[in-house]
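Grab the structure and work through these exercises one at a time. Try each task yourself before you read its solution.

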Amino acid sequence: MGQKPHYQLFIDGEWVEGADGQVMTSENPATGEGWATFACAAPSDVDRAIGAARRVLNDPAWCDMTQTQRGKLLYRLADLIEDNAQAIGRIETTDSGKLLAETAMQSAYVGDYYRYYAGFADKIEGAVLPIDKPDMHVFTRREPIGVVVAIVPWNAQMFLTATKLGPALAAGCSVVLKASEVAPAPMLEFARLIEEAGFPPGVVSVVTGDAENCAIPLTRHPDVDRIAFTGGPETARHVVRNSAENFAVTTLELGGKSPILVFDDADLDGAANGLIAGNFGASGQSCVAGSRGLIHRPIFEELIARIEEKVKGVRVGDPLDSDTQIGPLCTAAQVAKIEATLDAARVGGARIRFGGAKIDRPGNYMAPTLVECPDADIETLKTEMFGPVMSLLPFDTEEEAIALANATPYGLGSGVFTQDVARAHRVSKRLKAGICWVNTYRAVSPIAPFGGYDQSGYGREAGIDAVLDYTRTKTTWISTSDQPMANPFVMR
């Protein structure tokens, strides 16, 4: 067996080991065996990365670069990502267990996110204000917000990095990217492309490590101006508390228990595919997983039958195999959480229609599972499991369906399946979620804002406004009078 790959940290344009010598091993979820090692950041590494990010904001190599030149660097990065999508996808699959078909496609597609923001780089404009005072010329300009800490989880690394890094770099910020200590290899590989694209040293650093030595020092650091975090609500609470130390602007993209509403006039094949995509796509490891299926009672049994028939042919296996449709979960802890949640659901009266157990093979494999729920108190309808578990609950009226959909502290994704256009508009308007898909599910684009309500976080990623979130507005007042300033004790 060959030597395992070892990944270093990328700080201020250099590849380095962690200052404290801490090294962790990354396990292949398909085998349960360690396949690579990676260096972990110490607090002094965090200081160095943040210091470089602060320094480069005043370095002519970055701060005097024209907005058009910044855009060209982003275009170059996009091309490199596309050229290396298959290789990065293979590393991400080995590290996280996600299907190669998805990781390679997603890696290639995020090139369009960088192109989208590359195009915006030289369109970040200020304005001349029609001020209500004579002899005054007043204008605004958008300036980079400063040093950004971007924290991404393991489950959609290239995508969730692009939604932060793209607009931040277009705005002229510097970024310290913190990869999850679970499956960080693709982010450390991605750092090579940042280096190759030609960004000045210090503009982007990529680190990883545990909470005490890396995440906490990053989010508390006094030189951080903005924190863009994607992850779980409990970790987010720590991030918000830490940001009280530096008053960094903070945006949170968290998880959810997204509802998919299927009405009795829906195309049942399309609805079945939507539920399968929303629950078994990415092996259920998606923040927008539609894990609460609310089904109009007249079609409840027929829809379950269609889902059962479709899932019979689903192939669970090696995520590197192009024929595989569901791979392993990233960690053994996820499997254990699902098993415990299913046990609680059974006690509550739920019926497991298929699946419901870990697959007996090496790795973290969980069988795709459908839970029939007699009421809304079933545990699988309340707990985010991050695995291939679909819970279905019948409803009788549109009002009841909306009430059930909104009976959650989360509000990220939602779905509606109906052929009634009026109903689609009526229901989607009333759903308390940042995203609503109608007759489809789990579609994304750099053009469309992404984010949630309530405990699913705040702020939006992607779309036009996201780049402005990485800027501050400066207002400049210029007196055009030929007379000296008058009475200093009276506000103009």
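**Exercise 1. Find the residue that stands opposite Thr208 in E10, then work out how well E10 is covered.**

Solution. Keep in mind that you're looking at a predicted model.
- Step 1: Go to Thr208 in E10 and look across; the residue standing opposite is Ala179.
- Step 2: Now take in the two strands. Strand E9 (residues 174-179) and E10 run parallel, joined by 5 bridges.
- Step 3: Check the burial of strand E10 (residues 204-208): 5 of its 5 residues are buried, so the strand is mostly covered.

**Exercise 2. Describe the largest nonpolar core and list the contacts of Phe190.**

Solution. 
- Step 1: The largest nonpolar core has 61 residues. Those with the most contacts inside it are Leu77, Tyr114, Leu169, Phe190, Phe199 and Val206.
- Step 2: Zoom in on Phe190. Leaving aside neighbours within four places in sequence, Phe190 touches Leu77, Ile81, Tyr114, Met158, Thr161 and Leu165.
- Step 3: For background, nonpolar side chains tend to be buried together in soluble globular proteins.

**Exercise 3. Decide whether Tyr116 is buried or exposed, and find its contacts from elsewhere in the sequence.**

Solution. 
- Step 1: Locate Tyr116 in helix H5.
- Step 2: Its relative accessible area is 18%. The cut-off for buried is under 20%, so Tyr116 is buried.
- Step 3: Beyond its neighbours within four places in sequence, Tyr116 is in contact with Pro446, Ile447, Gly463 and Ile464.
- Step 4: Take one of those, Ile447. Tyr116 and Ile447 are 331 residues apart in sequence, but 7.7 Å apart in space, C-alpha to C-alpha.

**Exercise 4. Work out the strand order of the open sheet that holds E6, then look at the loop between E6 and E7.**

Solution. 
- Step 1: This open sheet has 3 strands in the order E6-E7-E21, with antiparallel pairing.
- Step 2: Its edge strands are strand E6 (127-128) and strand E21 (471-479), each pairing on one side only.
- Step 3: E6 pairs with strand E7 (residues 136-144) over 2 bridges, and Ala127 stands opposite Thr140 in E7.
- Step 4: In the loop between E6 and E7 you'll find Asp135. Asp135 has a positive phi of about 60 degrees although it is not a glycine.
- Step 5: Most residues other than glycine have a negative phi.
- Step 6: At 43% relative accessibility, Asp135 counts as partly exposed.
- Step 7: Now try Asp454, in the loop between strand E19 (437-438) and strand E20 (457-458). Asp454 also isn't a glycine and has a positive phi, of about 55 degrees. At 55% relative accessibility, Asp454 counts as exposed.

**Exercise 5. Find what lines the largest pocket and the largest cavity.**

Solution. 
- Step 1: The largest pocket holds about 1100 Å³ of space.
- Step 2: Of its 39 lining residues, Pro153, Phe229, Gly231, Gly232 and Thr235 are the closest to its centre.
- Step 3: Helix H8 (211-220), strand E11 (226-230), helix H9 (233-243) and helix H12 (332-347) each supply at least two residues of the pocket lining. H9 gives the most, with 7 residues.
- Step 4: Turn to the cavities: the structure holds 3 of 30 Å³ or more. The largest cavity has a volume of about 80 Å³.
- Step 5: The largest cavity is lined by 13 residues, and Gly284, Ala289, Ser291, Met385 and Phe386 lie nearest its centre.

Note on methods: Residues are numbered from 1 along each chain as its sequence is written. This is a predicted model: local features need pLDDT of at least 70, side-chain atom pairs count only at pLDDT 80 or more; totals for chains, interfaces and linings use all residues. Side-chain values use heavy atoms; hydrogens and water are left out. A nonpolar core is a set of buried Ala, Val, Leu, Ile, Met, Phe, Trp, Tyr and Cys residues joined through side-chain atoms within 4.5 Å. Buried means under 20% relative accessible area, exposed over 50%, partly exposed in between (1.4 Å probe, protein chains only). Contact means heavy atoms within 4.5 Å. Two strands pair if DSSP finds at least two bridges between them. Helices (H or I, at least four residues) and strands (E, at least two) are DSSP runs, numbered from the N terminus. On a 1 Å grid over the protein atoms alone, a cavity is a set of points where a 1.4 Å probe fits but cannot get out, and a pocket is an open set with protein on both sides within 12 Å along at least five of seven lines; lining residues have an atom within 4 Å of a point. Grid points are joined across faces, edges and corners, and a volume is the space filled by probe spheres set on the points.
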